[in-house]
Amino acid sequence: LAVKDPTAVERANLLNMAKLSIKGLIESALSFGRTLDSDYPPLQQFFVVMEHCLKHGLKVRKSFLSYNKTIWGPLELVEKLYPEAEEIAASVRDLPGLKTPLGRARAWLRLALMQKKMADYLRCLIIQRDLLSEFYEYHALMMEEEGAVIVGLLVGLNVIDANLCVKGEDLDSQVGVIDFSMYLKNEDDIGSKERNVQIAAILDQKNYVEELNRQLNSTVSSLHTRVDSLEKSNTKLIEELAIAKNNIIKLQEENHQLRSENTLILMKTQHHLEVTKVDVEAELQTYRHSRQGLDEMYNEARRQLREESQLRQDIENELMVQVSMKHEIELAMKLLEKDIHEKQDTLIGLRQQLDEVKAINIEMYQKLQVSEDAMKEKNEIIGRLEDKTNQITATMKQLEQSDKDLLTQTRTIAMSFVKCASNEAQHQYKLVKDISF
């Protein structure tokens with residue numbers, strides 16, 4: 001025997017349980033009066049079976065504390081696919097007593113049943129297989145054909161009116177256990193088989209008529225919108241056709257005018273082409289004659305360019321030599337300026353020494369007048385002054401020898417000072433001799 005796939009067996013079992021649950025709920029609701037509340041056992045079992053169907057093949061999500069499996073994720077996705085489901089999702093989120101995602105999912109199923117939109121919501125969900133693959137495994141019931149069959153069975157629940165109180169019910173801690181005793185057959189069920197068949201046939205006809213009516217309404221609304229769009233497009237096309245006809249007439253007139261202008265332009269162009277052809281031939285002959293002269297001019301210009309290049313190279317070399325000489329002259333000038341400054345400092349020192357000599361001479365003259373004993377000291381001082389004068393003269397001679405060309409005027413001034421000093425010294429010496437005599 002071939003081994004069956006356990007996931008396929010699970011899907012088949014859940015499909016059979018969904019069939020039994022939906023069929024039993026519809027039959028009991030017809031006999032009970034069609035308006036059901038939350039305490040009705042077949043309705044509770046229906047929600048348990050739907051919960052097991054939606055949990056089949058659900059991927060395990062890793063949370064902060066542990067791993068969990070919840071059906072609230074795919075059900076919350078319905079509001080993005082079906083705009084009318086936004087209200088029911090917002091109502092579920094606003095319920096104060098719900099703390100877990102499973103409780104929100106159970107509340108969502110009850111509100112969808114009261115709205116008679118559960119089949120529509122789940123049909124939009126199973127169509128989007130690529131979105132469901134984020135929540136379900138590939139072998140899950142919602143990803144296979146069994147999910148589409150269950151959605152088709154849910155259409156029959158539109159004959160039931162449910163009045164459920166979701167707000168005060170504890171949906172988080174309920175235990176979803178299927179009660180199989182409700183679906184076991186007994187003798188009374190065998191006796192009422194014909195009645196159930198008739199009720200099923202009536203319900204099937206009612207569901208077919210409701211579904212057909214819904215499709216017809218949607219078709220009529222789409223046709224109305226299409227007719228309106230076609231009428232608008234027809235009026236636009238008529239206006240565009242009239243504009244196009246006017247444009248065609250204008251274009252034909254312009255075409256005729258352009259053709260006549262084109263003929264005139266063609267004639268003028270041909271005449272101009274003939275004249276241009278003659279001119280081109282004449283210019284070609286002139287070019288051939290002038291080309292030889294141009295070649296000679298080119299050779300002469302090339303020779304002149306070569307000579308000018310050589311001349312420029314020589315000028316650049318000479319310029320480099322001049323620049324180097326300029327740098328050397330600037331360096332020599334700086335050295336001369338430094339030497340001049342040093343000579344000026346020396347002259348200042350000599351002037352100070354001359355001033356000292358004058359002061360000493362005045363002092364000696366005063367002392368000679370006071371006493372004769374100071375005369376000897378004056379003679380000694382005069383000797384020292386003569387030695388200093390000789391030293392100054394020798395220094396001046398050395399300065400004159402080192403800078404004869406640049407300091408001629410300075411030497412003249414120094415010699416004048418030296419002569420004045422020597423004359424004054426001789427004069428003082430004569431005075432001392434006269435005094436001594």
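**Close-up 1. Helices H7 and H9.** The axes of H7 and helix H9 (residues 145-154) cross at roughly 160° and come within 8 Å. Axes are lines fitted to C-alpha atoms, for helices over the stretch in contact, with angles from 0 to 180 degrees between N-to-C directions. H7 and H9 are therefore roughly antiparallel to each other; angles under 35 degrees count as roughly parallel, over 145 as roughly antiparallel, 65 to 115 as roughly perpendicular and the rest as oblique. Helices (H or I, at least four residues) are DSSP runs, numbered from the N terminus, as are strands (E, at least two). The model is predicted: local features need pLDDT of at least 70, side-chain atom pairs count only at pLDDT 80 or more, and totals for chains, interfaces and linings use all residues. Residues are numbered from 1 along each chain as its sequence is written, and side-chain values use heavy atoms, with hydrogens and water left out.

**Close-up 2. Residues between H7 and H9.** On H7 the contact is made by Met118, Ala119, Leu122, Arg123 and Ile126, and on H9 by Gly147, Ala148, Val151 and Leu154. Contact means heavy atoms within 4.5 Å. By class, 7 nonpolar, 1 polar and 1 charged residues take part in the contact of H7 with H9. Ala, Val, Leu, Ile, Met, Phe, Trp, Tyr, Cys and Pro count as nonpolar, Asp, Glu, Lys and Arg as charged, and the others, Gly among them, as polar.

**Close-up 3. Helices H5 and H6.** Helix H5 (residues 86-94) packs with helix H6 (residues 101-115) at an angle of about 140°, their axes 10 Å apart. H5 and H6 are therefore oblique to each other. Ile88, Ser91 and Val92 in H5 meet Arg104, Ala107, Trp108, Leu111, Ala112 and Gln115 in H6. This contact of H5 with H6 has 6 nonpolar, 2 polar and 1 charged residues by class.

**Close-up 4. The ring cluster.** Tyr82, Trp108 and Tyr121 are linked into a cluster by ring pairs. Rings of Phe, Tyr and Trp (its six-membered ring) pair if their centres lie within 6.5 Å; planes under 30 degrees apart count as stacked, over 60 as edge-to-face and the rest as tilted. The count comes to 3 aromatic pairs. The rings of Tyr82 and Tyr121 have centres 5.3 Å apart and planes at 75°, so the pair is edge-to-face. Tyr82 lies in the loop between helix H4 (78-81) and H5, and Tyr121 in helix H7 (residues 118-127), so the pair ties together parts 39 residues apart in sequence. Trp108 and Tyr121 form a tilted pair, 5.7 Å centre to centre with 45° between the planes.
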